[in-house]
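Please look over the sequence and the structure before reading on.

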Amino acid sequence: MTGSRTWVLLALSALALTGCSYTINGDPLPEAGVTPSTTATTSSAASDGTPKIAKQRSVAGVDPCKLLTADDLKPVGAMTREPARRDDQIQESCQFVFDGASVVTALYQKYEHVRQRQAKGREVVVEGHSSWVSCDQDGNAMVCTTTTAVNPNRSILVAMTLVGGKGDQMLATLQPLVKAALNRLPAG
C-alpha cells in the first residue's frame, strides 16, 4: 500500500472513529445511471487515458458539507450530529456521522492520481463521469471510496466507513450519494 493510499485510509478511519463507523465489503451493484466499466486496463477512460467527464463542473467556492443533504443520507441512517468540516484530515472535506457509520465528502484531487494509487479499485461510469471505486478492510471496519472526475484537474470523493460492513452493499448505498453530490456542483 502506498503512503498516499495509507494516509487516505488512516484519515477515513480516524474520521470514522471520531464519530461512528459503518462498513461493507465487495464490488458495487449496478443501478440506473451507473455503468460498470468494460475495459480492464483503461476502464472507461478515453483512449488517451483521460477520464470521461460528461459535463464539466467546478468545485470553486463549493462547501463540501453542502454536497449531501439529510434526505440524501437517509439510506445510511439518522445523523447523530451536524456535518462538520474535517480539513485537518482531508483537505476540503466534510464528515457526516451516524450511529454506526461515517460518510465523508471532499473536493478532491485529480482523478488519475487516485486511480494510480488504488490499484485494487475499478472504474464505473456515473452520470457520464468516470468514477473509481475501491473498498478495503481496515481492522474491523470496511472503508469504501468513490472518486468521480468532475473536470480535468479535480474530482469529488464520497466515502463510507462501516464496522462489519460489506463492500458491495456499501458501494450500492454510495452510488446515489455520488449522483446527488455530482448534481450539486455548478457547471464549470
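This is a predicted model: local features need pLDDT of at least 70, side-chain atom pairs count only at pLDDT 80 or more; totals for chains, interfaces and linings use all residues.

Residues are numbered from 1 along each chain as its sequence is written, and side-chain values use heavy atoms, with hydrogens and water left out.

**Confidence**

- The chain has an average pLDDT (the predictor's confidence in each residue, from 0 to 100) of 80, and 74% of the residues score at least 70.
- Confidence is highest in strand E3 (residues 84-85), at a mean of 97, and lowest in strand E1 (residues 24-25), at 28; strands (E, at least two residues) and helices (H or I, at least four) are DSSP runs, numbered from the N terminus.
- Over residues 1-47 the pLDDT stays under 50. For this stretch the model has 147 contacts (heavy atoms within 4.5 Å) beyond four places in sequence.

**Disulfides**

- The whole structure holds 2 disulfides, each being a pair of cysteine sulfur atoms within 2.5 Å.
- Cys65 lies in the loop between strands E2 (34-36) and E3, and Cys94 in strand E4 (residues 93-98), so the pair ties together parts that are 29 residues apart in sequence.
- Cys65 is buried at a relative accessible area of 13%, and Cys94 is buried at 0%. Buried means under 20% relative accessible area, exposed over 50%, and partly exposed in between (1.4 Å probe, protein chains only).
- Cys135 is joined to Cys144 by a disulfide with an S to S distance of 2.0 Å. The link of Cys135 and Cys144 is right-handed, with 110° about the S-S bond, and both cysteines are buried.
- With bonded cysteines counted along the chain, the disulfides follow the pattern 1-2, 3-4.

**Helix H3**

- Helix H3 (residues 167-183) has 17 residues and should span 24 Å at 1.5 Å a residue, which agrees with its end C-alpha atoms being 24 Å apart. The expected span is 1.5 Å times one less than the number of residues.
- In H3, 12 of the 17 residues are buried, so the helix is largely enclosed by the rest of the structure.
- Among the buried residues of H3 are Gly167, Met170, Leu174, Gln175, Lys179 and Leu182.
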